[in-house]
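Biologist: Can you walk me through the aromatic side chains in this one? Here's the model.

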Amino acid sequence: GGGGPMPTWAIILIVVIVVIAIICICISVSSEDEGVSVEKTEGGGFSRTLSYSGTIPCYLCLCKVSNSAWDSGEHRKKCAYTNQRELLSFPQPYESFCPNCHEKLSLWPAKGNPFYCDQCPFDPRSVLKRSTGQNRLNCFLCD
């Protein structure tokens, strides 16, 4: 019994399968914004999600939120309503107002992920800062 050389179609099929496998591996390894993740949800539980748009941490409820829900303001409206007691407890000690809604800015507590200061002098704007409870004025709904 022996066989002769491998048929050309079989060689082509093997090469195509290997190339497709390599492409799939490269895509899954190189994509930072896509992937399966397990994370804390707004209800306090955990969920496994497949994300294509990336996430941003909400600095009020501390949940991960899709960029689209953050950018549209959808999450901030729901979160502000859910956490209104906490949000209303933040002091507003300065005569500083939101340029969008003209509401008085709140002094954010030492809570949440680091942030970029929008109104700092040019050089420190690109440096992440931790909220100390004294260094962040914020309008949560408009951020």
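Biologist: Which ring does the charged end of Arg76 sit over?

Modeller: Arg76 has its charged end over the ring of Trp70, 4.9 Å from the ring's centre. "Over" needs NZ of Lys or CZ of Arg within 6 Å of the ring centre and within 35 degrees of the ring normal. This is a predicted model: local features need pLDDT of at least 70, side-chain atom pairs count only at pLDDT 80 or more, and totals for chains, interfaces and linings use all residues. Residues are numbered from 1 along each chain as its sequence is written, and side-chain values use heavy atoms, with hydrogens and water left out.

Biologist: And Arg136, which face does that lie over?

Modeller: The face of Tyr59, at 4.1 Å from the ring centre.

Biologist: OK, ring pairs. How many aromatic pairs does the structure hold?

Modeller: There are 6. Rings of Phe, Tyr and Trp (its six-membered ring) pair if their centres lie within 6.5 Å; planes under 30 degrees apart are stacked, over 60 edge-to-face, the rest tilted. Tyr59 and Trp108 are edge-to-face, 4.9 Å centre to centre with 80 degrees between the planes.

Biologist: Is Trp108 buried or exposed?

Modeller: Buried, because its relative accessible area is 1%. Buried means under 20%, exposed over 50%, partly exposed in between (1.4 Å probe, protein chains only). Tyr59 is buried too, at 6%.

Biologist: What about Phe90 and Trp108?

Modeller: That pair is edge-to-face, with 4.7 Å between centres and 70 degrees between planes. Phe90 is buried at 7% relative accessibility.

Biologist: Which residues do the ring pairs link into a cluster?

Modeller: Tyr59, Trp70, Phe90, Trp108 and Phe140.
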